[in-house]
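User: Please examine the structure below and answer a series of questions on its sheets and its chain interface.

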Amino acid sequence: MKQVKPIFKREFAGYFRTPVAYVFLVAFLVMSVALAFSRFGGFFKAGIASLDTYFGFYPWLFLFIVPAAGMRLWSEEKRSGTSELLFTLPVTTLEAVIGKFLAGWAFLALAVLLSFPMAITIGYLGNPDWGIVCTSYLGAILMAGGFLGVCSLTSALTKNQVVSFVVSLCLCAVLVFLGYSGFTSFLEGFLPVGVSDAVSNFSFITHFNPMVRGIVDLKDVVFFLSLIGFTLFLNVVALER
Amino acid sequence: MIEVKGLVKSYGLKRAVDGVSFTVKRGEILGFLGPNGAGKSTTMKMITGFVRPDSGTALVDNVDVLLDPVAVKRKLGYLPENAPAYPEMTVQEFLAFIAEVRGYSDPRARAAQVERAIGLTHLSSVRGQTIETLSKGYKQRVGFAQALLHDPPVLILDEPTDGLDPNQKNEVRTLIKNMAVEKAVILSTHILEEVEAICTRVIVISRGKLVADETPAQLLARKPGARMDEIFRSLTHTDV
């Protein structure tokens with residue numbers, strides 16, 4: 001596992017060697033804040049010093065933004081032929097997959113944490129519950145990992161970044177919509193509550209919302225971590241086939 | 001040092017490599033000849049552990065590539081065709097990355113290996129440039145530097161002189177020749193005079209099968225008075 005480090009370092013620095021990182025960070029922060037400030041978010045109208053309205057849009061925003069960050073993970077290596085270089089160096093596939101995934105995850109975590117002026121804003125305007133702010137950030141970072149696991153997997157299946165983006169967008173959309181309140185109440189219309197609950201259990205939203213409300217339940221953390229583990233396992237299989 | 005045993009690989013219905021076996025000893029430079037698509041690159045990829053053979057295996061320094069691919073990769077220096085590298089990195093960053101993955105975790109030792117590789121391949125004038133801005137010849141040298149970095153006992157070079165000008169070609173050949181004393185080298189090429197100039201043995205492959213395995217002199221002796229390209233053509237004329 002000691003070869004994870006150089007791969008992580010190269011991949012993480014790689015985001016900043018091209019304009020990709022800066023475009024991504026600016027776009028993400030502008031969009032997330034704009035959504036919260038918009039009349040859909042009602043950040044100011046709510047009159048409460050909390051980040052609910054800010055993080056509420058995260059699953060929908062991640063739906064587009066994480067595939068954009070993750071599509072190049074493996075597609076790029078395959079297209080440019082550097083995968084041949086990487087896999088003739090003394091690293092195992094698992095080390096390479098973990099190194100690249102962690103780099104992408106760290107980058108997304110950085111993007112999420114760079115929204116700290118929002119936290120400062122609510123701290124200035126009122127008296128927020130800082131515990132809830134922390135669990136919200138924890139939830140957002142965990143959820144980013146879940147999204148990225150899916151994107152890393154689809155990226156390993158194709159050398160075309162556009163295909164990778166579209167397929168991961170579709171897969172992530174399924175994982176978001178299963179927990180969307182409109183969809184679950186539609187299901188409850190003709191399915192027993194137990195079944196629709198089980199379905200919504202596979203959604204990012206179902207496991208993310210409690211954390212925004214300040215509840216860190218072990219099963220939510222386990223959901224995100226096991227999703228990451230499962231997608232990375234498939235990722236190794238896809239690369240070794 | 002290298003023992004290739006009955007390698008087979010098919011892509012769909014096409015048998016790219018069909019039962020190729022040979023050995024390379026320390027101090028030998030093996031020239032790997034054959035028309036485009038004859039299976040040269042695929043054979044090399046199987047020896048390096050990048051492509052999994054359908055059957056057969058390869059041993060490098062008595063380590064089976066199927067059983068312990070990472071150990072084999074440690075002993076190998078491999079220059080893939082077209083010398084892929086991360087285009088947004090500078091030459092120095094790229095080689096430092098390779099050195100770190102190769103296990104030189106101490107920064108001093110890493111810098112020393114990078115300096116050595118840069119010196120051997122005359123890259124010092126472009127060390128701060130990103131790889132995407134380099135000409136084909138320099139890119140090829142970066143690939144070469146990457147393969148030599150850890151001073152491996154076995155070198156596998158897929159068309160090492162491709163895209164180089166005549167002076168650079170000559171230089172690379174001299175470099176290979178000087179290093180080969182204590183190494184086993186396989187190099188594939190289209191250039192027949194390259195084989196005559198530096199190889200101690202030649203293998204000709206056609207439609208995935210070996211059609212010759214001998215010294216360049218023996219190959220030339222097949223048709224006294226004929227040039228090497230005539231002999232090459234007569235050996236591989238079925239492969240069109």
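**Sheets and interface**

User: How many bridges join strand 1 of chain B to strand 2 of chain B?
Analyst: Strands are DSSP runs of E with at least two residues, helices are runs of H or I with at least four, and both are numbered from the N terminus. Two strands pair if DSSP finds at least two bridges between them. Strand 1 and strand 2 of chain B run antiparallel, and the number of bridges joining them is eight.

User: Before going on, on what basis is the model described?
Analyst: Residues are numbered from 1 along each chain as its sequence is written, chains are lettered from A and ligands numbered from 1 in the order in which they are written, and side-chain values use heavy atoms, with hydrogens and water left out. Local features need pLDDT of at least 70, side-chain atom pairs count only at pLDDT 80 or more, and totals for chains, interfaces and linings use all residues, since the model is predicted.

User: Which residue in the turn between strand 1 and strand 2 of chain B has a positive phi?
Analyst: Ser10(B) stands opposite Arg15(B) in strand 2 of chain B. The two strands form a hairpin with two residues between them. In the turn, a positive phi of about 65° belongs to Gly12(B).

User: Why is one side of strand 2 and of strand 5 of chain B left without a neighbour in the sheet?
Analyst: The open sheet has four strands in the order 2-1-4-5 (chain B), with antiparallel pairing. Strand 2 (14-24) and strand 5 (63-64) of chain B are left without a neighbour on one side because they stand at the edges, each with a single partner strand.

User: What is the bridge partner of Lys5(B) in strand 4 of chain B?
Analyst: Strand 1 (residues 2-11) and strand 4 (residues 55-60) of chain B pair in the antiparallel sense over five bridges. Within strand 4 of chain B, the partner of Lys5(B) is Thr57(B).

User: At what angle to strand 1 of chain B does helix 1 of chain B run?
Analyst: Axes are lines fitted to C-alpha atoms, for helices over the stretch in contact (heavy atoms within 4.5 Å). Angles run from 0 to 180 degrees between N-to-C directions. Helix 1 (residues 40-48) lies across strand 1, strand 2 and strand 4 of chain B, and its angle to strand 1 is about 120°.

User: Which strands are at the edges of the six-stranded sheet of chain B?
Analyst: This open sheet has the order 6-7-8-3-9-10 and mixed pairing. Each edge strand pairs on one side only; these are strand 6 (76-79) and strand 10 (209-214) of chain B.

User: Which residue in strand 9 of chain B stands opposite Leu30(B)?
Analyst: Strand 3 (residues 29-33) and strand 9 (residues 201-206) of chain B pair in the parallel sense over four bridges. Opposite Leu30(B) stands Arg201(B).

User: Which residue takes a positive phi in the hairpin of strand 9 and strand 10 of chain B?
Analyst: These strands pair in the antiparallel sense over five bridges, and Ile205(B) has Leu210(B) as its bridge partner. Two residues lie between the strands, and the positive phi, near 50°, is that of Arg207(B).

User: What area is buried between chain B and chain A?
Analyst: In the interface, 23 residues of chain B are in contact with 22 residues of chain A. Buried area is the accessible area (1.4 Å probe) that two parts lose on being put together, summed over both. Carbon and sulfur atoms give 66% of the total, which is about 2200 Å².

User: Which residue of chain B meets Lys9(A) in a salt bridge?
Analyst: A salt bridge has a side-chain nitrogen of Lys or Arg within 4 Å of a carboxyl oxygen of Asp or Glu. The count between chain B and chain A is four. At 3.0 Å, N to O, the partner of Lys9(A) is Glu100(B).

User: Which helix of chain B gives the largest share of the side that touches chain A?
Analyst: Helix 1, helix 2 (69-75) and helix 3 (91-101) of chain B each give two or more residues to that side. The largest share, six residues, comes from helix 3.
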